[in-house]
Amino acid sequence: MEYKIKVMKEEHPEITVENLPIYLRLQKPLLILFNDGSINPQYKKAILTLVKEKHLDSLTPCWLNLKNTPVGRGILQTYFDALPPLPRIVVVNLHSGGQVFAFPSEQAITEQNLLSWLKKLKAGLESHITILPAQKWKPPLPAYDFLSMMDAAASQHSARKAPKCIKETNVQENDKKQHEDKSTIRKEPIETLRIKHWNRSNWFKEGEKSLRHDNKEL
């Protein structure tokens, strides 16, 4: 909402792919100055003077920088069949007939020349250079944060991979432990092994004796 209000306050804004739908909602023909870089201060002054004098109230004056918005080249080629010399001013009536009118390239862009040309347009004395096909203009789709999407995908990949890594680590640790146990057994003296075996045998024998004694008493 704040972005829209800020855009609407500009008297001679730069048109971009993102803000174009906002200006189209005004339902006014676009007076577009196409240029290939920063706008010439003299051109800007001429247009802003006409804005302040209320001569452009029925239009939406704006400009388009082909370096910032390369799609403008394709737009101009659609209007003229070939990329014309720059700068170039056109009036595009998208909402009522789709006519495109071009300011004469041989004339300098001055307040007086622009005003004279616009009066001819209003009187129907100028011929259009093309008519655009009817189409429904929609606001741009929400932008996607591809960096966040990539981070999310990486996190999911790590989550799937983690259990496998843990499992492999556990298996390696168990194998290492078993290997150490076997090594320990091999290192123990034979006499020690015999004593352990004898103790285990006696433990079972003592248990059997206790069980027989208890059965006799019962």
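Two strands count as paired if DSSP finds at least two bridges between them. Helices (H or I, at least four residues) and strands (E, at least two) are DSSP runs, numbered from the N terminus. This is a predicted model, so to speak of a local feature takes a pLDDT of at least 70 and side-chain atom pairs count only at 80 or more, while totals for chains, interfaces and linings use all residues. Residues are numbered from 1 along each chain as its sequence is written, and side-chain values use heavy atoms, with hydrogens and water left out.

**The sheet**

The sheet is open, with 5 strands in the order E2-E1-E3-E4-E5 and mixed pairing. E2 and E5 sit at the edges, each pairing on one side only.

Start with E1 (residues 30-35), which pairs with E2 in the parallel sense over 6 bridges. Leu30 has Thr60 as its bridge partner in E2. To get from E1 to E2 the chain passes through helix H3 (residues 41-52), and this β-α-β crossover is right-handed; that is, with the strands pointing away from the viewer, the path from the first strand over the helix to the second runs clockwise.

Buried here means under 20% relative accessible area, with exposed over 50% and partly exposed in between (1.4 Å probe, protein chains only). Thr60, Cys62 and Leu64 point one way from E2, Pro61, Trp63 and Asn65 point the other way, and all are buried. In a regular strand the side chains alternate between the two faces of the sheet.

Val100 has Thr130 as its bridge partner in E5.

In the loop between E3 (88-92) and E4 you'll find Asn93, which is buried at a relative accessible area of 18%. Leaving aside neighbours within four places in sequence, Asn93 is in contact (heavy atoms within 4.5 Å) with Pro29, Gly98 and Gln99.

**Helix H4**

The buried residues of H4 are Gly72, Leu76, Tyr79 and Phe80. They cover an arc of only 80 degrees around the axis, which puts them on the same side of H4; the arc is that of the directions from the helix axis to the C-beta atoms. These buried residues pack against E1, E2, E3, E4 and E5. Just after H4, Asp81 takes a positive phi of about 75 degrees.

**Aromatic pairs**

The structure holds 2 aromatic pairs. Rings of Phe, Tyr and Trp (its six-membered ring) pair if their centres lie within 6.5 Å; planes under 30 degrees apart count as stacked, over 60 as edge-to-face and the rest as tilted.

| Pair | Centre to centre | Angle between planes | Type |
|---|---|---|---|
| Phe34 and Tyr79 | 6.4 Å | 80 degrees | edge-to-face |
| Phe103 and Trp117 | 5.4 Å | 80 degrees | edge-to-face |

Phe34 in E1 and Tyr79 in H4 (residues 71-80) are 45 residues apart, and both are buried. Phe103 and Trp117 are buried too.

**Confidence**

pLDDT is the predictor's confidence in each residue, from 0 to 100. The protein averages 74, and 57% of the residues score at least 70. Over residues 137-146 the pLDDT is below 50, and that stretch has 9 contacts beyond near neighbours in sequence. Residues 195-218 also stay under 50, with 1 contact beyond four places in sequence.
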